[in-house]
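Colleague: I should like to go through this model with you, element by element. Could you set out the conventions and then answer my questions in turn?

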Amino acid sequence: MNEIEPGRKRVTLRDVAQEAGVSLKTASNVINNAGRMSDETRARVQEVIGRLGYRVNVSARNLNRNSTGVITLAVPMLTPPYLAELANRVIEQARSDDYLVYVVTYGGQNAQGARELLRNFNITVSDGLILSMSEDESLTAQDLDVDYPMVAVGARDVWGVCDHVTCDDVQASRMAASYLFERGARHLAVIGSRGIYDEQAALHATDGNAGLRLRGVVEACRERGTSLDPELVVSGGDWAIGCGYKAIQRLIDAGKEFDGVVAFNDQLAIGVLSALAANGISVPGQVQVIGFDNIEEAAYLQPPLTTMDSRFDAIVPAVSARMLMRIAGRNVEPELMRIPSRVIARSTTR
């Protein structure tokens, strides 16, 4: 048979079936990777699909499935490298799952916040919501108890009312501090805490990146029979590069002694490294530094930054699997999945 000429109307599934000499049902089964047929038949239909340039009518297929074919990812903002990378990874995963992704932001001065987003979520334009939870939002269990597919990511508590996939921040920071101790550090500075340091309160933290990461550091200290110097536990502001620089500069100006720094994200760590270099303090000779998230820039700093892996490789597929399960209507109990981190060893540690 002749190939359909350029400029002709859009190639339909019926065109494919006729060209391949099979039924419309068989052609549909090949498109959807379903049904029983010989390998020869499947290969013939696939060859015709490629040759004619047939494209799946996503709108019609999703209508048949009672689905929009879209998932929404909601993040506080896209400025932080971690959240930008999360968005990229979710989009890539969704593409492989044959879904599109709407990315929306709910943070910032002019935004209405996560609570309004949850209340106004429109299931006619999106099949489900992936919610990256901000430390600045005060959501309740009632806010998160929604009647549409939702998976939460991040270090906030969800009270077991929805699926929740997160890196294990306590395990990660305990490992980060232990890594410095094992390489000779004795006096740790911690950059990125919130509020006034209280050891007992830190040990009972159950929520938020800052709280859980501080808890892990405190636990690592206690395992070694030591404790943090409260004056070396410094707020990280909004966890930007400049905040890390200013935090370490304050410690240096105050004459505080430290030989290791746990920075609660890589941007803070970049600021720390810049301040140490500006003051002629060698890394890792005099001070060792470890960050969190393993952003792309971390590997290209001078020296390259040792950091804790964000584990997108495990988190994003897990989120996708739970979301697709919910969209398909499987009625299973919400699950909490804590993904352990690992050290990405580079040159800011010995």
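Modeller: The model is predicted, so local features need pLDDT of at least 70 and side-chain atom pairs count only at pLDDT 80 or more, whereas totals for chains, interfaces and linings use all residues. Residues are numbered from 1 along each chain as its sequence is written, and side-chain values use heavy atoms, with hydrogens and water left out.

Colleague: In what order do the six strands of the open sheet stand?
Modeller: Strands here are DSSP runs of E with at least two residues, helices are runs of H or I with at least four, and both are numbered from the N terminus. Two strands pair if DSSP finds at least two bridges between them. The pairing in this open sheet is mixed, and the order is β7-β6-β8-β9-β10-β12.

Colleague: Why is one side of β7 and of β12 left without a neighbour in the sheet?
Modeller: In the order β7-β6-β8-β9-β10-β12, β7 (233-235) and β12 (343-344) stand at the edges. One side of each is left without a neighbour because each has a single partner strand.

Colleague: At what angle does α12 run to β9?
Modeller: Axes are lines fitted to C-alpha atoms, for helices over the stretch in contact, and angles between N-to-C directions run from 0 to 180 degrees. Helix α12 lies across β6, β8, β9 and β10 (306-309). Its angle to β9 is about 155 degrees.

Colleague: Against which elements do the buried residues of α11 pack?
Modeller: Buried means under 20% relative accessible area, exposed over 50% and partly exposed in between, with a 1.4 Å probe and protein chains only. In α11, the residues G244, A247, I248, Q249 and L251 are buried. Contact means heavy atoms within 4.5 Å, and the buried residues of α11 pack against β6, β7, β8 and α12.

Colleague: How far apart are the end C-alpha atoms of helix α11?
Modeller: The expected span of a helix is 1.5 Å times one less than its number of residues. For the 13 residues of α11 (residues 241-253) this should give 18 Å. That agrees with the end C-alpha atoms, which are 19 Å apart.

Colleague: Which residue in β11 stands opposite C167?
Modeller: Strand β5 (residues 163-167) is mostly covered, with five of its five residues buried. D163, V165 and C167 point one way from β5, and H164 and T166 the other way. Four bridges join β5 to the parallel strand β11 (residues 336-339), where the residue opposite C167 is I339.

Colleague: Which residue is the bridge partner of V153 in β5?
Modeller: Strand β4 (residues 150-153) pairs with β5 in the parallel sense over three bridges. In β5, the partner of V153 is V165.

Colleague: How many residues apart in sequence are the parts that the pair of F264 and F292 ties together?
Modeller: Rings of Phe, Tyr and Trp (its six-membered ring) pair if their centres lie within 6.5 Å; planes under 30 degrees apart count as stacked, over 60 as edge-to-face and the rest as tilted. The search of the whole structure finds four aromatic pairs; F264 and F292 form an edge-to-face pair, 6.2 Å centre to centre with 85 degrees between the planes. F264 lies in the loop between β8 (260-263) and α12 (266-278) and F292 in strand β9 (residues 288-293), so the parts tied together are 28 residues apart.

Colleague: Which residues form one aromatic cluster?
Modeller: Both F264 and F292 are buried. The cluster is formed by W239, F264 and F292.

Colleague: What is the relative accessible area of T306?
Modeller: T306 is found in strand β10. Beyond four places in sequence, T306 touches several residues, among them Y179, V289 and V343. T306 is buried, with a relative accessible area of 0%.
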